[in-house]
Amino acid sequence: MLQGNFSSIREAFGRTLVKLGEADKDIIVITADVGDSSRASYFKEKIPERYFNVGISEQDMVNFGAGLSAVGKKPVVVGFAMFLMRAWEQMRNSIGRMNLNVKVCVTHSGYSDSGDGSSHQALEDIALMRTIPNFKVVVPADAAEVERSLPEVINDRGPLYYRMGRDYSPPITSTLDYKFEIGKAYVLKDGDDLAIIGAGVVLWDALKAAEELEKMGISTAVINLPTIKPIDHSTIEYFARKTGRIVTIEEHSVIGGVGSAVAEVVVKTYPVPMRFVGATTYGRSARSQRELLDYYGITSRNVINSALELIK
Amino acid sequence: MEKGGRDGIPISVDELNKLKGTADRARKNVIKMQFYDQSIHVGSSLSSVEILTALEFKVLRDSSDPINRDWLILSKGHAAPALYAVLHEKGLIKEEELWKIQDISGLLQGHPETFIPGVDMSTGSLGQGLSFGIGVATGIKMSKGAGRVFVIMGDGEQDEGEIWEAMTHAIARNLDNLVAIIEMNGFQLDEATKDVKPKEFLPEVWRAVGWRVFNCDGHDIASVISTIDEALKSKRPAVIFAETRRGKGFTPIENTKRQRTVPDVARQFLLNS
C-alpha cells in the first residue's frame, strides 16, 4: 500500500528517491543545478556523499552518469526534460550504445513548467527517447504512481527514461491497488465501444471523458500506459479487438509520442480507426499547467469529440 | 607548462627499444590497414601510436576488478586503428581482424566499441570521453579503489562544449586519479586547427581552471612515460599536452590534413621503409 499520499509529482519523486537511496548504497543522484526544482535535493539533505550537482552541464552529466555506472554504481541522472534533450546524443551514444545502467529521471515535462514558457516545455522527448535502442521509457500517471513505480524503475537493469511533470497531479491511480510492473498497461476502467489509451496526468481528462461518454450510452475503456517502451502489445491488441476504436491522449506532440506508439502496435496486430489528442506546436506561458492543457485542447472535451467522430 | 623531460625515466634502454619496436610495428599495421579499407583515419591514428603504446605496455595496470584496474578512454575515437594495432601487439586482437577493419564480417568497428577486447568506452562522437572518465574516476574513489583513468583527446576535439563542462567538473570532484592527454597535432577534419579556431590558449585555460598542466613529445615514448609518471603524482586532475604530428612517420601525408593516401603509394612506402 502507498505510504506517501503525495499530491505533487516531484514531491513524490524526491521523497521516494531518498527512501530508495537509504536502502541501496550504490544509488547516486546527479543533477544539473536543478536539485531544488526537481526535489532531488532531498537526497542531498539525507545522503550528501552520494549526491552531485555537476552544474548547468547536461551533456557532461549524462556521460558522468555513464562512467559511474561502468564501475558498478546506480546513477540517477535528474534534470528538466527539455534540457536533457540537449544531451540526447550523449544518451544515445554513451548510455544506450553501451547499454549502461543509468536512470534518466526528468521533471518539468509537457506543460508542467507553465510559467517559463515554450523554451522549458518538453513536448518532443518521448518521441526522441523511445527511438534510442536499449532505452525504456516510463511515464507515471500521477504522484501515487511515481511512488509505486520508482522502486521498480531504479531496480530495473539498463537505460531508462522516466518522465515526470512538476506539481499538478489530479488523482488517477491513488485509490487503486496494483503492483507496478515495467512493460504493463493497466485498465483504469473497462468498456466495449471505445478505448482511450494514454499516459501521464492527462489520464484524468480521459477518465472524465469516459464518464461523459457513458452518459451518452458509449461504453468506454480507459487504459493507463505508463510504459511507452517496451510497450504492452497484448493489452493494446485486446482492446483494439474488443472496442474497434481507439483515442489516445498525451501531454506531448502527437508526432512520435504515446499515440504513435499505440498506432504502431495496432496496425501490426488489429488495425482500427484511431484519433490522437495531444500537442501540435510549441507551448506558451500561463499561470498553470491546467490552463495550458485547456488552451491547447488536451481535454476531456476533445477526447469526447474524437470519440464521436469514430462512432458516428 | 611543466616539462616532462627525460630525467629519471623509469625505463631501461632495452625496454625502451622494445617499446619503440612495438610502436613501429603498430604504425606499419595502421598504414597497412588502408589497403583493406579506404576510409579509416590513418593520419589521426599515426598521431596516437606512441602514446597508446606507452599506456598499454608501460602504464596501464590490469585487474578483473573494475575499480582496481586502470581505464583507457580513446575520446578521439577516430584513432581506433592505432588502438587496435597496439592491442594486437598486446595479443588482444588477432592479426586477421586488423585486415577486416570496418568489414561487415569483422570485429573491428570504425570507432571503438566496448565489445572489442581492450576497449573501455564506446566512443566516436567527440567530446564525451572526459565526462565519462570523470564518472569512472569518481566511482573508483567512492569505492576506495586504486584504479586510474586516462583520457586521450584531440586538439580539434577541444572545440566541443562538453569539454568545458567536463574540465571544470573534474576540478570540482578533486580527482587525483584522472589524467587527460590532448594530442596537439595541429589538424582537424577540414583544416589546420589554427585556421578554424584558436587553440594556443588551451594550456592557459586548463591551468586557470585548476588542472596541473604538463607537456611532452607525443612521439617520444620515454617523454610520454615520464610525463605520465609526473602527472600521476599530482593531487589534482592533470592534463598533458602532447606535441604530435598528424600522419607521423608516413611521409605521403605527414603533417597535413590528409587522412590517407592511395593504396599503391602506401604499398610503395612500406616496401621502402
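Which residue in strand 4 of chain A does Val78(A) stand opposite?

Mentor: Please keep in mind that this is a predicted model. In it, Val78(A) stands opposite Cys105(A), which belongs to strand 4 of chain A. To see where this pair sits, follow strand 3 of chain A, residues 74–80, and strand 4 of chain A, residues 103–107, which run parallel and are joined by 5 bridges. Both strands are part of an open sheet of 7 strands in chain A, whose order is 2-1-3-4-6-5-10 and whose pairing is mixed. At the edges of this sheet lie strand 2 (51–53) and strand 10 (227–229) of chain A, each of which pairs on one side only. If you pass from one strand of the sheet to its neighbour, the two are turned against each other by 20 degrees on average, with direction ignored. Next, look at what lies against the sheet: helix 8 of chain A, residues 143–155, packs on it and touches strand 3 and strand 4, as well as strand 1 (27–31), strand 5 (136–138) and strand 6 (160–163) of chain A. The direction of helix 8 of chain A makes about 170 degrees with that of strand 6 of chain A.

Conventions:
Residues are numbered from 1 along each chain as its sequence is written. Chains are lettered from A and ligands numbered from 1 in the order in which they are written. This is a predicted model: local features need pLDDT of at least 70, side-chain atom pairs count only at pLDDT 80 or more; totals for chains, interfaces and linings use all residues. Side-chain values use heavy atoms; hydrogens and water are left out. Two strands pair if DSSP finds at least two bridges between them. Helices (H or I, at least four residues) and strands (E, at least two) are DSSP runs, numbered from the N terminus. Axes are lines fitted to C-alpha atoms, for helices over the stretch in contact, and angles run from 0 to 180 degrees between N-to-C directions. Contact means heavy atoms within 4.5 Å.
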